[in-house]
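Try each task before you read its solution.

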Amino acid sequence: MVYEIDEIRKVKIGGVNQKIHIRGEKKSNPVLLFLHGGPGVTNRHGVLARHSDLCDDFTIVCWDQRGTGGSYWGVKDESLNLNQLIEDGAELLEYLCTQLKKEKIFIQGGSWGTELGTYLCLRHPERIAGYIGSGQVVDGVLNEELSYDFAMQKAKEANCTEDIETLERIGRPVDGCYREIFDGMMTQRKIMKKYGGHSLKSKGTYWTDTALPIIKSKEYTLMDKIGVANGYKRCLTLMWPTTCKCNFMAEDTNFPMPYYIFQGRHDNNTPSALVQDYFDKVQAPDKDLIWFENSAHGPMGEEPELYKKLLREKFLKWV
């Protein structure tokens, strides 16, 4: 495939250098910005390796958010907070519109990226052409309680004493947080993942499914990989006490742009049980909630062809 633009750039955003990768066949195509999850789990290796076919119709942009990957260096602890990330996103939107000569761009968020993306839609709508969220965050505190309860229920159904005792040891989250924020969450997520709450297809670990692909990827420099390794725990530990407090049911649900949710039916990482009531409250020029029946937390990875087909259908009608 021949790209008219295929550039990795360091851009000064919020006072620090942050790394983005822009790729597209035609600069005239609409722009699609991916907002990764975590906080701190960059995804440009996965998007660019598995979904570059979207470059037929979009100029895609992958961004290592503040504190991780190529955007790790020079970031102070006090700047790793929700409001700063939202302002970073708004600044990046302005930069991309200027550089790529667009009035507005589309955004796609996954997991934590849906929280960041939804806040951008609420606070900085002027540069957003449309939104798609997957693994949609609705209520961070309730999210964690339901995810924990799912893991405990499945452990009891499997009569797995080890998992039950482990979950009892870390305790049910309080106000969205475990006693040991990072270690408690990683322990719960490992058990939740074991019982299919994260993916219906993968039986691997976070090491094999998340860390190893980044280590092996040629998308990242050695310094980027060090930034990923150091940034994940740091970002999540510093940001989680505030990011987990979001409750979009209590926010303004009137959006001036098309607002779509592509949700895995079996997601118990950001539990799908919360999504329908939230979606019903949303007001937008166009909205849709599409259920991916064979997916959990990551339908773009679990049902990629259907996901990209529907993404094109939803976004391209607004071009």
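This is a predicted model: local features need pLDDT of at least 70, side-chain atom pairs count only at pLDDT 80 or more; totals for chains, interfaces and linings use all residues.

Residues are numbered from 1 along each chain as its sequence is written, and side-chain values use heavy atoms, with hydrogens and water left out.

**Exercise 1.** Work out what span helix α11 should have, and compare it with the distance between its end C-alpha atoms.

Solution. 
- Step 1: Helices are DSSP runs of H or I with at least four residues, strands are runs of E with at least two, and both are numbered from the N terminus.
- Step 2: Helix α11 covers residues 304–316, which is 13 residues.
- Step 3: The expected span is 1.5 Å times one less than the number of residues, so α11 should span 18 Å.
- Step 4: The end C-alpha atoms of α11 are 18 Å apart, in agreement with that value.

**Exercise 2.** Find the salt bridge between Glu 313 and Lys 309, and say where its partners lie.

Solution. 
- Step 1: A salt bridge needs a side-chain nitrogen of Lys or Arg within 4 Å of a carboxyl oxygen of Asp or Glu.
- Step 2: For Glu 313 and Lys 309 the N to O distance is 2.8 Å.
- Step 3: Both residues belong to helix α11, 4 residues apart, or about one turn of the helix.
- Step 4: With buried meaning under 20% relative accessible area, exposed over 50% and partly exposed in between (1.4 Å probe, protein chains only), Glu 313 is partly exposed at 42%, and Lys 309 is partly exposed at 45%.

**Exercise 3.** Which parts of the chain does the salt bridge of Asp 163 and Lys 194 link?

Solution. 
- Step 1: The side chains of Asp 163 and Lys 194 meet at 2.8 Å, N to O.
- Step 2: Asp 163 sits in helix α5 (residues 161–170) and Lys 194 in helix α6 (residues 181–194), so distant parts of the chain, 31 residues apart, are linked.
- Step 3: Asp 163 is buried at 7% relative accessible area, whereas Lys 194 is partly exposed at 48%.

**Exercise 4.** Locate the loops that hold Glu 293 and Arg 265.

Solution. 
- Step 1: The two side chains form a salt bridge of 2.8 Å, N to O.
- Step 2: Glu 293 is in the loop between β8 (287–292) and α10 (299–302), and Arg 265 is in the loop between β7 (259–264) and α9 (275–281), so the pair ties together parts 28 residues apart in sequence.
- Step 3: Glu 293 is partly exposed at 41%, and Arg 265 is partly exposed at 35%.
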